[in-house]
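Colleague: Please take a close look at one part of this model for me, the place where the two chains meet, and then at the second partner itself.

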Amino acid sequence: MSKLLEAQSLCAYYGPTQVLFGLALDVNDGGITTLLGANGAGKTTTLRSLSGMCRTTGDIRFEGKAINGRATEDIVRLGIAHVPQGRGTFSRQTVEENLEIGAMTRRDRKAIAADVERVYGYFPRLKERHRQQAGTLSGGEQQMLAVGRAMMLRPRLMLLDEPSFGLAPLVVEELFGILRTLNRSEKVSMLLVEQNAALALDLADHAYLIETGRLVMEGPAQQLRDNENIRRAYLGY
Amino acid sequence: MELFLHQVLAGLATGGIYACMALAVVMIYQAIDHLNFAQGEMAMFSTFIAWQLIQWGFPYWLAFGATIVISFAAGVLIERVVLRPIHDAPILSHVVAFIALLSILNSGAGFLWDWTIKSFASPFGSGQFLGQTLINKHDAGMIAVTILLLLLLYLFFRHTRIGLAMRAAAANPESARLAGIRVGWMTALGWGMAAAIGSVAGMLIAPVVFLEPNMMLSILLYGFAGAVVGGLTSPGGAVFGGFLMGVIENLAGTYIPVVGREMKLSIALIIIVAILTVKPSGLFGRPVVTRV
């Protein structure tokens with residue numbers, strides 16, 4: 001499989017504090033890769049580095065083109081949709097406006113309208129609430145809106161930052177089912193950050209494990225899942 | 001009763017100007033979280049440009065339109081040149097930049113056009129509107145133009161994609177960037193629009209207060225008061241607050257003997273302090289809640 005995203009010796013900094021120390025990380029075209037680790041390991045920072053939202057050094061390539069140092073909005077326009085932690089919903093705008101904001105980089109009005117309907121097809125509850133202010137939605141609905149907004153970009157790659165956070169188990173199950181469908185039928189590759197390792201390893205085909213900004217191990221998701229020592233030491237289940 | 005109605009209508013006319021200034025202030029506040037103290041001087045400078053164009057023989061409405069375009073461009077330029085470089089700087093740096101802008105524009109206007117008071121023609125003519133006694137032609141024209149302007153702005157922000165992009169950029173800049181919106185340019189666009197709105201306010205009020213470098217001082221104060229009353233986070237509230245300030249100003253000046261003409265300006269300050277004490281988020285604003 002060809003590589004969609006490649007990061008080499010990636011370091012990231014918040015002010016003078018270094019948070020990532022030379023990560024190497026790939027996402028295969030068409031695959032789902034998960035990034036696991038404890039609180040404060042640097043998972044969110046890794047995603048933010050890939051989207052150009054913090055100061056980094058190293059080499060990041062998307063479809064072979066170097067993207068590090070570029071502005072966030074330019075990286076997004078290449079087809080990388082980032083669903084941030086806390087969902088990043090525009091709470092005073094309506095559900096439909098949130099989706100339109102997601103398509104702001106596109107000009108094909110007809111296709112945008114069709115894509116809004118497509119998102120509603122995946123998430124019928126959003127359609128029921130399409131004129132409601134997004135801030136009035138439940139946590140699960142907001143997460144679905146965040147994923148829907150990312151879909152509006154027609155991305156090649158989705159960066160998902162803890163989509164299961166704070167959601168009821170049933171809602172998580174539904175959401176992850178939809179992520180799987182998106183990956184299979186719409187050929188959206190994904191880089192998934194999760195605290196819920198069991199869940200993430202089920203969905204993903206490849207996994208990275210990081211600790212305090214350094215890579216601890218990587219391999220096929222299956223392999224990490226079956227390794228009892230790793231499970232006990234790092235994944236906590 | 002006639003006096004009362006007369007004062008309310010005249011108050012709505014100046015209130016429209018305050019509403020425009022309040023809206024300009026709120027638009028910039030939403031985008032960069034700072035109050036632009038130079039908003040009034042920007043409007044004053046625009047009005048001088050209009051005056052100069054008219055002196056050069058431009059017909060009024062052509063000068064009016066050209067001034068709006070020039071002001072818009074100047075607003076964008078100010079954001080790019082002065083504010084972009086300091087956008088991460090602390091609040092005091094912003095205050096200093098605004099004060100610098102204020103005094104540069106004030107002195108610049110005095111230097112270019114001197115400090116004498118100039119009259120500024122009203123495009124609506126003098127005399128009473130439609131022959132009745134309640135409202136004169138200029139006040140009626142002011143109300144009409146401000147309402148038209150506010151309506152156009154409402155349609156722009158509600159029903160265009162760029163308006164939605166600007167609202168998104170102001171509401172949540174980080175998420176807006178993640179949707180590919182160029183937030184920096186949206187801020188610049190907001191500055192341009194605020195400057196253009198201010199220029200309309202300046203040109204409309206100039207026939208009433210006369211044209212001179214300090215003409216917008218009291219008007220901006222009422223604009224601030226309107227913005228604070230309505231809530232700095234609510235454009236609609238700011239417009240309402242602006243109109244309300246115009247009416248309060250006139251009624252207080254007429255019916256409270258101590259206030260009279262001289263003490264009118266203190267009304268604005270009293271209202272600002274009172275609102276900030278009692279309901280800091282304003283009538284329509286939302287309290288800012290931060291997770292710590």
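Modeller: The contact is made by 19 residues of chain A and 15 residues of chain B, where two residues are in contact if their C-beta atoms, placed from the backbone, lie within 7 Å. This is a predicted model, in which local features need pLDDT of at least 70 and side-chain atom pairs count only at pLDDT 80 or more, while totals for chains, interfaces and linings use all residues. Residues are numbered from 1 along each chain as its sequence is written, and chains are lettered from A and ligands numbered from 1 in the order in which they are written.

On the side of chain A that touches chain B, the elements giving two or more residues are helix H2 (72–77) and helix H3 (95–102) of chain A. Helices (H or I, at least four residues) and strands (E, at least two) are DSSP runs, numbered from the N terminus. That side of chain A has six nonpolar, seven polar and six charged residues. Ala, Val, Leu, Ile, Met, Phe, Trp, Tyr, Cys and Pro count as nonpolar, Asp, Glu, Lys and Arg as charged, and the others, Gly among them, as polar.

Now the partner. Chain B has eleven helices and zero strands. Its C-alpha trace spans about 55 × 50 × 35 Å along the principal axes of chain B. Of the 292 residues in chain B, 49% are buried, meaning that 20 or more other C-beta atoms, placed from the backbone, lie within 10 Å of the residue's own. Among contacts in chain B between residues at least 6 apart in sequence, 73% link residues at least 24 apart.

Methods. A residue is buried if 20 or more other C-beta atoms lie within 10 Å of its own, exposed if 12 or fewer, and partly exposed in between; C-beta atoms are placed from the backbone.
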